[in-house]
Amino acid sequence: MMETVVSGIRSTGNLHLGNYFGALKNFLKMQKENNCFFFIADYHALTTHPKPGDLHGNIKQVLAEYLACGIDPEIATVFIQSDVPEVTELYLLLNMNAYVGELERTTSFKEKVRKYPDNINAGLLTYPVLMAADIIIHKANKVPVGKDQEQHLEMTRKFARRFNMIYGVDYFPEPDAYNFGRKLIKIPGLDGSGKMGKSEGNGIFLSDTPQEIRKKVMRAVTDTGPTARNQVPSEPVKNLFTIMKVVSDPSTVKYFTEKHASCEIRYGDLKKQLAEDIINVTDPIRKRINDILSDNKYLARVVREGAEKARMSASKTIREVREIIGYKPF
Ligand code: TYM
C-alpha cells in the first residue's frame, strides 16, 4: 500500500550514525514505493539559538549529507522546513488545543530544563506541537525515527486525534513511528552511556575520515574484560555490540559474542573490526558529501523544487483545516 511518509532532522550539526540508522536508512528503503517527504528542521534548530552566521551553512551541510546518503529528490520531496511557512500556521492552530501541562511533562522538555536551565524558551515547550504540524500537514501515516522520538510521535497522534474530535471530523490520520525492523532503535554513543548525539562528543559522523573513525573507536569506553563464562557484558561493551549489530556482518557479531562468552575476547580486536565496518558504511557517503556541497546550482534546484512540492501539499491541508475550523471567505 502506498503510504505517506514524513521525516526530518534538525540542522544543528553533521549527521551521525544514530541519525543514519535511526531515521535515514529506513527512509531510503521507503522512498521508492511511497509518497515521501524528508526535510531539514531548521525552525526546530532555533530553540538552541544558533548564530545567524552559522544557520545557512548548517542547513546546507545537512542537505548535502541527505543527498549523499541516497535520498533522491527526483522521487522524494526534499525540503527545508522554513521554506514552507504553512507549517507555522498549523503549528499556531494546534497550539490552541495543546495543554501546557502535557507539554511540560514531555521527557525531552524535562531533560532540557535540567540541562539548560537558562534557556527554557517557549519554542522548547511547544517543540512537539511544531513536530506534529510537520507530520500531519502532509497527512502522513509513517514516520521513520529513532527510539528517542517515540514520545513525540505519541503526542502527534494525540494532537491529530484531538483535532478530529473537537471538530467532529475524520481528517488527520494518526501516524506511526516506524522502523523496518519493527522496534525503534537507539544507537549508543562511544562514551559508555547514553545515546549518540550531535553535541555530546560521543558520536561518529558520516563526514568523519577513516582516520578519525579509527581513532574514535579505539578510544571508546570498555571494561577490564569478562571474568566468568557467559557473563553479561557491561553497559559500555554492550553498546559496542549494539553498533556492531547495525554495521557488521552477523557472523562477525557472533564471533565476538562467543569470544566474550568464553572470556577470550580482546577488545582491541573488536574495535579494529568495528572501525573498519563503520568505515565501510560511511566512506562512500563521505566521498559524495564534498562533491554535492560544491554544486550550488544543484542544491538550489533541489531546494526550490522541494519547497514547491511541499507547499502544494501543505497549502491544501491549511485550506481544508481553515474551513473545518470555521474560517470563511467574505
Ligand atoms: P534529531 O535531529 O535529534 O534526530 C533526527 C533523527 O535521528 C534519530 N536519532 C537517533 N536514532 C537512533 N539512535 C540515536 N542515537 C539517534 N540520534 C538521533 C532521531 O530519532 C530522529 O529520527 N524532533 C526531531 C526532528 C523533527 C522531526 C519532525 C522528525 C522535527 N520534525 C517530524 C520526524 C518528523 C529531532 O530532533 O531529531
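A polar contact here is a pair of N or O atoms within 3.5 Å; within protein, one must be able to donate a hydrogen and the other to accept it, and residues adjacent in sequence count only if both atoms are side-chain atoms. Keep in mind that this is a predicted model: local features need pLDDT of at least 70, side-chain atom pairs count only at pLDDT 80 or more, and totals for chains, interfaces and linings use all residues. Residues are numbered from 1 along each chain as its sequence is written, and side-chain values use heavy atoms, with hydrogens and water left out.

Start with K198: one of its polar side-chain atoms sits 3.0 Å from an oxygen atom of the ligand. Now pick N19, where a polar side-chain atom is also placed 3.0 Å from a ligand oxygen. At M196, go for the backbone: a polar atom there is 3.0 Å from a nitrogen atom of the ligand. On its own the ligand exposes 710 Å², and the protein buries 98% of that (Shrake-Rupley, 1.4 Å probe).

You get 27 residues, with R10, Y127, D134, D148 and I187 the closest. Strand 1 (4-10), helix 1 (17-30), strand 2 (35-41) and helix 7 (127-136) each give at least two residues to this shell (DSSP runs: helices H or I, at least four residues; strands E, at least two).

Now zoom out and colour domain 1 (4-186 + 296-325) and domain 2 (210-290), bounds that come from an automatic or database domain assignment. Their C-alpha centres are 32 Å apart. Ten residues of domain 1 touch 10 of domain 2 (heavy atoms within 4.5 Å).

Key. Near = heavy atom within 4 Å.
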